[in-house]
Amino acid sequence: MTDDFRIDARKWRFLDDPAKYVALDKAKKARLQIEPLKRQFKTAKEILSRLARGRGALLADDVGLGKTTIAALVAWVVACQDKRVRIYAPNEVLQRRWAEELERHVTMLRQIGASNDRIKQGDVGKLKAGRIQVTSHYTLVKHHKIGAQRVGCDLMIIDEAHRAKGEGSAFNEALRSLGGLAARKLILTATPFSINLSELEELLDFVGASDFDAVRAYAKALERLYTLGEGHDAEAEAERLVSSARAAIEALQPFVIRHGIEDLSSAERKHFGAAASDAWEIT
């Protein structure tokens with residue numbers, strides 16, 4: 001596939017002013033709040049920048065932090081530049097929720113060309129430029145089984161990508177087979193580090209990462225802790241673990257974006273109802 005993914009940064013200038021965005025929702029139908037919109041806008045900008053630089057991304061924020069909102073904003077920016085976006089949700093219920101999420105931003109994004117008729121649900125054939133298809137994992141599997149090549153797009157968004165687990169997963173096979181028909185990929189998962197290393201590598205490989213040595217080395221450093229007996233040099237082991245962790249983070253950073261509740265500002269943490277607390281100090 002020819003890589004022609006130029007996107008005009010002027011189309012996402014609205015992400016610099018969340019307060020103005022909230023003000024555009026005059027009927028308050030979208031129920032937007034400055035917190036957490038500030039962080040979500042910042043994250044959407046970062047993803048768009050990575051896509052423009054030729055990378056895919058894995059968004060691994062904790063449950064409830066608005067991954068769907070962030071990805072919907074990214075989808076609108078891309079679609080409103082006459083590009084094709086396909087979103088794959090785990091099931092039909094979440095497919096409808098995705099459509100609702102896209103629709104609630106239309107009023108605020110009319111300035112860049114958003115409209116309800118750009119959203120297409122279900123099994124869409126050839127997707128026209130400037131359209132967003134919202135469908136299910138099952139549709140991708142079905143197209144793979146019948147040999148369909150109807151999944152070509154400029155941006156493929158996979159929701160709950162951790163469901164593509166194991167070599168024998170039909171969804172995993174479909175992703176590996178048809179994912180190459182997308183110019184860019186954004187995958188969403190709240191549990192990237194509770195799966196085994198090979199499955200994490202598959203997700204990272206899907207968005208374009210290729211060097212996993214540092215991540216494997218950190219995994220081995222963690223495993224090593226369980227083999228140590230009494231009398232080992234705890235300080236030396238700690239330094240070794242910290243060093244390998246930093247190397248792994250550096251390797252992941254170009255492809256992974258992650259926020260947990262503990263990463264939020266105090267204002268946003270209150271919004272989520274989580275009380276701030278002092279972190280334990282671990283030497």
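Trainee: What classes of residue make up the lining of the second largest pocket?
Mentor: The lining has five nonpolar, five polar and six charged residues. Keep in mind that this is a predicted model.

Trainee: How much space lies in that second largest pocket?
Mentor: About 370 Å³.

Trainee: And how do you find empty space anyway?
Mentor: You roll a probe the size of a water molecule over the atoms, and that shows where empty space is left.

Trainee: OK. Which residues lie nearest the centre of the second largest pocket?
Mentor: Lys67, Thr68, Leu94, Asp159 and Glu160. They belong to a lining of 16 residues.

Trainee: Which helices each supply at least two residues of that lining?
Mentor: Helix α3, residues 67-79, and helix α4, residues 92-103.

Trainee: Which element gives the most to it?
Mentor: That is α4, with four residues.

Trainee: Let's switch to strands. Is β2 mostly covered or mostly open?
Mentor: Covered. Five of the five residues in β2 are buried.

Trainee: Which way do the residues of β2 point?
Mentor: Val85, Ile87 and Ala89 point one way. Arg86 and Tyr88 point the other way. All of them are buried.

Trainee: Why do side chains in a strand alternate like that?
Mentor: Because in a regular strand the side chains alternate between the two faces of the sheet.

Trainee: What does β2 pair with?
Mentor: Two strands, β4 and β5. Five bridges join β2 to β4, residues 132-136, and the two run parallel. With β5, β2 pairs over four bridges, in the parallel sense.

Trainee: I'd like contacts to look for. Which residue of β4 stands opposite Val85?
Mentor: Ile132. On the β5 side, Ile87 stands opposite Ile157.

Trainee: What else does β5 join?
Mentor: Strand β6. Five bridges link β5, residues 153-158, to β6, and they run parallel. Look for Cys153, whose bridge partner in β6 is Ala182.

Trainee: How many residues of β6 are buried?
Mentor: Six of seven. Strand β6 covers residues 182-188.

Trainee: Which residues other than glycine have a positive phi?
Mentor: Lys28 is one, with phi near 60°. Asp82 is another, with phi near 60°.

Trainee: Where is Lys28 found?
Mentor: In the loop between α1, residues 18-24, and α2.

Trainee: Is Lys28 buried or exposed?
Mentor: Exposed. Its relative accessibility is 52%, so Lys28 passes the cut-off of over 50%.

Trainee: And where does Asp82 lie?
Mentor: In the loop between α3 and β2, which spans 85-89.

Trainee: Why does Asp82 count as exposed?
Mentor: Because its relative accessible area is 53%.

Trainee: Can you recap the strands?
Mentor: β1 is joined to β6. β6 is joined to β5. β5 pairs with β2. β2 is joined to β4. Trace them in that order on the structure.

Conventions:
Residues numbered from 1 in each chain as written. Predicted model: local features only at pLDDT ≥ 70, side-chain atom pairs only at ≥ 80, totals over all residues. Heavy atoms only, no water. 1 Å grid on protein atoms, 1.4 Å probe; cavity = no way out; pocket = protein on both sides within 12 Å on 5 of 7 lines; lining within 4 Å. Points joined across faces, edges and corners; volume = space filled by probe spheres on them. Nonpolar A, V, L, I, M, F, W, Y, C, P; charged D, E, K, R; others polar. Buried < 20%, exposed > 50% of the residue type's maximum accessible area, 1.4 Å probe, protein only. Pairing = 2+ DSSP bridges.
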